[in-house]
Amino acid sequence: MKNYLFIFLLVFAGVSGFAQQKWTLQECIQRALDENIQIRQAELDLEGAAIDRSDAIGNFLPSFNANSSVSKNTGLNFDPTSNLATTTQFLSASGGINAGYTLFDGLRNFKQIQRAKLTALSAQYGLEKLQDDIALTVANGYLQVILNKENLKVLRSQNEVTRRQIEQTRELVDGGVSPRGDLLEVQAQNATEIQNITAAENAVQISLISLAQTLLIRDYKTFDIAEGDFNIYGEEILALSPEKITESAKEERYEVRIAENNLDLAEKDVEIAKGAKLPTLDAFFGYSTRYSEQDIQNTFQEQLYLNDGISYGLRLNIPILNGFQVRNNVQRNKIAAERAAINLEQAQLDLESNVYQAYLDAQGALKTFEAAESAVESQELAYSYAKDRYDVGLINAFDFSQSKQRYDNAQIDVNRAKYDYIFKLKVLELYFGVPVDQLKF
């Protein structure tokens, strides 16, 4: 019994340890790439494109089929071996093989293989773009959790100062040094800070749940991330011009690649549609034989030998008039190609606009971060000065609490500016062509 209890405790400890796992950013991104429903669908699209390519290759292979039939005939029927009408009940059978091969079909088979390759490439680009988008979404959610946790630490740390201040002020009030109003002011400040801490705790939980949902993790209660000091990497990209980043983005980003590939697909469809205007030439071969129990003079094997036949030849089909279907299909595909060319132009313009916007966002985030750092330094000095004056009774509790609140807000602002700057730098790096798995945080 003790052994069973020991094993149970080990298993329980292992399960608890797994449940309490703290996820790193890399683990979160990998989890999203493995489990995300959209990515799984995109992977199926890629598999489907491989099957389409197999179909296109199969068009170059000959067709080969066998057939057979056995029937019991009653009443008036034609004997398959003599081709004479008879009313006698009899058993008959027939069988054969047929083969065919397309010698020429307007080069459409070759075009279909080329199109299948383009389709597979398009599916691959779509999958990789989706992976980048999902990874960036996860990183944004992860940084949001870190930001909320950092803000919560600031609020808790400052509230500890407030609680010590309450005790200090109570002693001053009891000693008749400070008015009772100072104690009430500090207590009110403490109540406000507790409310802010509760709101910050809720923000942490909400951001954790949002991230867990992105990762398709159902156990929200035990889900948590590994805390760490995220440094600022990649600032050197701001030394590049927006034009340089745009030039790289047009070569690396999947938005433009997908649009270019869609144009190639549309142009290939035009070529395939034009191929329907040309004649098609097919070769065929057929072998068949028959048996009937009406033929009592020959055995089964002899009938199969005597009644067999072979047919072979070429079949030429020349399209002349098909209700304008071929012509209209060509025109329809030309319109689709023109639309794809317009979409490519739009994708390039959108990418250029997005790069400039991301560049300006990163620059603005840097200036905001630098201003926030300067502000927090100033507020820290002001708070330290106010605390010294409050300790000797030169300012009242209200003025001191205002200084402390400004310092708290400055710390929260610098946290927000820091992680906003980090995220916008990563967006700009992605546009420049840095792979998502090589982004440094």
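This is a predicted model: local features need pLDDT of at least 70, side-chain atom pairs count only at pLDDT 80 or more; totals for chains, interfaces and linings use all residues.
**View 1. Helices H4 and H7 side by side.** Residues are numbered from 1 along each chain as its sequence is written, and side-chain values use heavy atoms, with hydrogens and water left out. The axes of H4 and H7 (residues 254–275) come within 9 Å and cross at roughly 160 degrees, which makes H4 roughly antiparallel to H7. Here axes are lines fitted to C-alpha atoms, for helices over the stretch in contact, and angles run from 0 to 180 degrees between N-to-C directions; angles under 35 degrees count as roughly parallel, over 145 as roughly antiparallel, 65 to 115 as roughly perpendicular and the rest as oblique. Helices (H or I, at least four residues) and strands (E, at least two) are DSSP runs, numbered from the N terminus.

**View 2. Helices H4 and H5.** Helix H4 (residues 108–174) and helix H5 pack at an angle of about 165 degrees, with their axes 8 Å apart, and the two are therefore roughly antiparallel to each other. Their crossing is left-handed. Sorted by class, the contact of H4 with H5 has 16 nonpolar, 14 polar and eight charged residues, where Ala, Val, Leu, Ile, Met, Phe, Trp, Tyr, Cys and Pro count as nonpolar, Asp, Glu, Lys and Arg as charged, and the others, Gly among them, as polar.

**View 3. The length of helix H5 and the residue Leu216.** At 1.5 Å a residue, the 35 residues of H5 (residues 180–214) should span 51 Å, and the end C-alpha atoms of H5 are 52 Å apart, which agrees; the expected span is 1.5 Å times one less than the number of residues. H5 is followed by Leu216, whose phi is positive, near 60 degrees.

**View 4. Helices H6 and H9.** Helix H6 (residues 242–252) packs against helix H9 (residues 325–391) at an angle of about 135 degrees, with the axes 9 Å apart, and that makes H6 oblique to H9. The contact, meaning heavy atoms within 4.5 Å, involves residues of H6 including Pro242, Ile245 and Ala249, and residues of H9 including Leu351, Val355 and Tyr359. By class, this contact of H6 with H9 has seven nonpolar, two polar and three charged residues. H6 passes H9 in a right-handed crossing.

**View 5. The sheet of four strands.** An open sheet has the strand order E2-E5-E7-E8, with antiparallel pairing, and two strands are said to pair if DSSP finds at least two bridges between them. E2 and strand E8 (309–317) stand at the edges, each with a single partner strand, so one side of each is left without a neighbour in the sheet. The twist averages 20 degrees from one strand to the next.

**View 6. Bridges between the strands.** Strand E2 (residues 63–73) and strand E5 (residues 90–104) pair in the antiparallel sense over 11 bridges; Ser63 has Gly100 as its bridge partner in E5, and Ser71 stands opposite Ser92 in E5. E5 is also joined to strand E7 (residues 280–292) by 12 bridges, and these two strands run antiparallel.

Notes
A crossing is left-handed if the near helix is turned anticlockwise from the far one by less than a right angle, and right-handed if clockwise.
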